[in-house]
Amino acid sequence: MAKINDKYDLSRIKYNYRSEMGRYEHHIYFCAGAGCISCGCADVARGVKESLDELGLNDKVKMIETGCIGLCSLGPVMLVMPERIFYVGLSPKNIGKVIKTHFVDGQIAKNYCYQDLKTKEYIPCIDDIPFYKDQVRIALQGCGTTEFDKIEAYIATGGYATLHKAITEMTPQEVIDEVKNSVLRGRGGGGFPTGVKWQAGHDAVADQKYIVCNADEGDPGAFMDRSIIEGTPHKLIEGIILGGYAIGATKGYVYIRAEYPIAVNRLSKAIDQARAMGLLDEPLFGTDFQFSLEIRIGAGAFVCGEETSLMESIEGHRGEPRQKPPLPFQAGLFGKPTIINNVETFANIPYIIKHGAEGYTRYGRVGAHGTKVFALAGDIVNAGIIEVPIGMPMRNIIENIGGGLIGGKEFKAAQVGGPSGGCITAADIDVPMDYSELIAKGAMMGSGGLIAMSTDTCMVDTARFFMDFVQDESCGKCVACRIGTKRMLEILQRITKGEGKKDDIDRLLELGAVVKDTAMCGLGQTAPNPILSTIRYFRDEYEAHIFDHRCPAGRCQALTVFEIDPQTCIGCTRCKKHCPTLAITGELKHAHVVDPALCIGCGACYSSCPVDAIHPTKREEN
Amino acid sequence: MSLSLENLTCNCDHGSTDEEKYALIGQMIDAYKDKEGSLIQVLHAAQEIYGYLPLELQKFIALRMNKPLSEVNGVVSFYSFFSTKERGEHTIHVCMGTACYVRGAQKLVEALEDKLGVAVGEVTPDKKFTLDVARCIGACGLAPAVMVDNDVHRQVQPSGIDAMLKQY
Ligand SMILES: Cc1cc2nc3c(=O)[nH]c(=O)nc-3n(C[C@H](O)[C@H](O)[C@H](O)COP(=O)(O)O)c2cc1C
Ligand code: FES
């Protein structure tokens, strides 16, 4: 591969790639994000190739594989350009027909386009789909529309030109000033202003400094960083080199979790490509700045997302947090000044340097400019990855972009900020998604996990779930976190089993306050948040469990039996077949009955009923 | 032979006898010699080659890397990805992340325990499957998700377990 020495080399690569692509009338952007891969997109991709061969379309249509385009729940998907027609739910069976209809008959295969569940209308053009309409893509720019495994494709979209501009025309201080003026805040959870952090890194004096990219993405229920790495690995690399230049680091690490093998693979390929083209490990663009980048793979420990534990882990030790100070910018990795940023933070940098701070501050709101990527999941119709201007009301995200709740269920709350965050209830659904507004509601922006929950969700059980998680992931170094989380979990387990005691709520509040104040690292300091937030908004549910021995949502098995409404039951026998304990009796076309003595409250009948005749009720003690 | 991070998930035959595997791990350690803080990466590779990390192997690694065994063992026991017990031919990871939990992952775990006749963390008697849970595998849009080896299965229902297992 020829090396890149100046901007003319970049222009040449850009021109060549574009004219190669320009030979075709149409391009198919075929999503090969991890979501689509798991729905068998490889077979569909093969189907596309075969159809193109068969129909003799290879001169006219070019298929390229891209990263995640966002709508994971409808995969496999593809986008046909330049007409911007979006096909969803593809399979080896229907792909031949779609290709033929679109490219031979010249018609849109409408039935394979996105269908609006409310209006039942098919929406062929991607720009008209509500999921995409309100999004602004900066960190996700190119994700789903560029070939992830070709450095040329990234350069063709203007990639690495920003790096060239920064290194040949800007001083490190100018780069930092631009980032400062953009008011970019860290996207990894803390929300610390990136420019200020970089200034500290820049001002630290040492023979060696490091820059580290945190790709540990530990929040269970979040997959934004993974999508960025898999879709546009080169953008991440460019962002990290820019950071290295700004603070004066010549070496960088990407710490990425082992649960993401595809992301590891694509990023290491991209690093090899950048190296082969002279962008890593050699003086850049004829200057004397040179940078090298290495991947370190995690080994399954949530606490390693915390920056000091992460550095311990890169050094090859147990990932236990360090006492602060010294802060990482004073003495971090291998004792040297180190700056750590999140994947999404770095992915915003090329845009900010290219368009300047003014280009970035057009989006978002004062104090928190730009956009935020969220991973939408839970009981939501359009689960996937989205990017919206900071400050967008949550209602817009849940109802328009997310398409509401599955099965038309009622929205109860959304968990924002993962195990460190809290919930936003239906009453607060109009809250702007902004750092300070979310904190005021007892939640936090976090890294961007947004889990929608319907009225079927028990909030006490949700709190127990998160406590189970942090208790298990607590590294055990400090007493407050190790023992405090364990005691809180025990209390919650007791409550969900109907064995709660009358002062349990007060005890949880008290323990929560102590752990928050005395834990050593962010894991423990934020661990009580889900409990505190659910008690704040759903105290009545806790009380129902403790005093009435009743789970209002019918989720806590020990407290629930199911009941069939004889008026609504159509006698389809489905519930009877699903019941694991043979607690249901009844004849075809006659109302069925549950024997409460046999019912274990598992809810298998409840989810199988086609007419909503089954409801959870309180288990009577005997 | 070039051994590097990218080879971590390779499917090639890592030799069949213990000696061959140990020799390969030894080579791997030498390849990492000059890199600072490479113990975790070496353990990843060793687990890939040997399947799991029994005490014997930890001793070998400690000796070869010139580190106390306590340090190696401390790291192995800290991270959930490392296993000191023999694993089944395939590992089933049921995702118990938030998104999957909200969509019914708990039921799935119970159904799998029932079906395979083992508890989470155990190996089936025929050594075919290890049943395990994971903390979010990043397929939240497809919840509930199950990962068997490196394949992700989407929206798995208890009724779909048989079809899923049959593929292995
Ligand atoms: C328990 C815990 C887990 C964390 N996990 C992550 C993570 O997975 N990814 C991440 O980027 N930051 C995580 N953080 C935040 C990091 O400590 C750090 O603030 C962040 O990487 C800084 O980057 P930013 O300024 O770009 O956000 C975690 C913090 C704590 C306390
Ligand atoms: S919660 Fe299961 S894949 Fe994320």
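Start by selecting chain B, which has 7 helices and 4 strands (DSSP runs numbered from the N terminus: helices are H or I of at least four residues, strands are E of at least two). The model is predicted: local features need pLDDT of at least 70 and side-chain atom pairs pLDDT 80 or more, while totals for chains, interfaces and linings use all residues. Residues are numbered from 1 along each chain as its sequence is written, chains are lettered from A and ligands numbered from 1 in the order in which they are written, and side-chain values use heavy atoms, with hydrogens and water left out.

Trace chain B along its sequence and the pattern reads α-α-α-α-β-α-α-β-β-β-α. Its C-alpha trace spans about 50 × 30 × 30 Å along the principal axes. Of the 168 residues in chain B, 52% are buried (under 20% relative accessible area; exposed is over 50% and partly exposed in between, with a 1.4 Å probe and protein chains only).

Switch to charges on chain B. The mean positions of its 16 positive and 22 negative charges are 5 Å apart. Lys and Arg count as positive and Asp and Glu as negative, with His and the chain ends not counted; each charge is placed at NZ of Lys, CZ of Arg, CG of Asp or CD of Glu.

Next, show the aromatic rings. Over all chains there are 17 aromatic pairs (rings of Phe, Tyr and Trp, the last by its six-membered ring, with centres within 6.5 Å; planes under 30 degrees apart are stacked, over 60 edge-to-face, the rest tilted).

Select A:Phe86 and A:Tyr132: the ring centres are 5.7 Å apart and the planes stand at 90 degrees, so this pair is edge-to-face. A:Phe86 belongs to strand β4 (residues 85–87) of chain A and A:Tyr132 to helix α5 (residues 130–133) of chain A, so the pair ties together parts 46 residues apart in sequence. A:Phe86 is buried at 0% relative accessibility, and A:Tyr132 is buried at 11%.

Return to chain B and pick B:Tyr79 and B:Phe82, an edge-to-face pair with 6.2 Å centre to centre and 80 degrees between the planes. B:Tyr79 is buried, at 2% relative accessible area, and B:Phe82 is buried, at 7%.

Then select B:Tyr22, B:Tyr50, B:Tyr52 and B:Phe60, which form one aromatic cluster.

The last stop is in chain A, where A:Arg257 lies over the face of A:Tyr260, at 5.1 Å from the ring centre.

Conventions. Lys NZ or Arg CZ within 6 Å of the ring centre and 35° of its normal.
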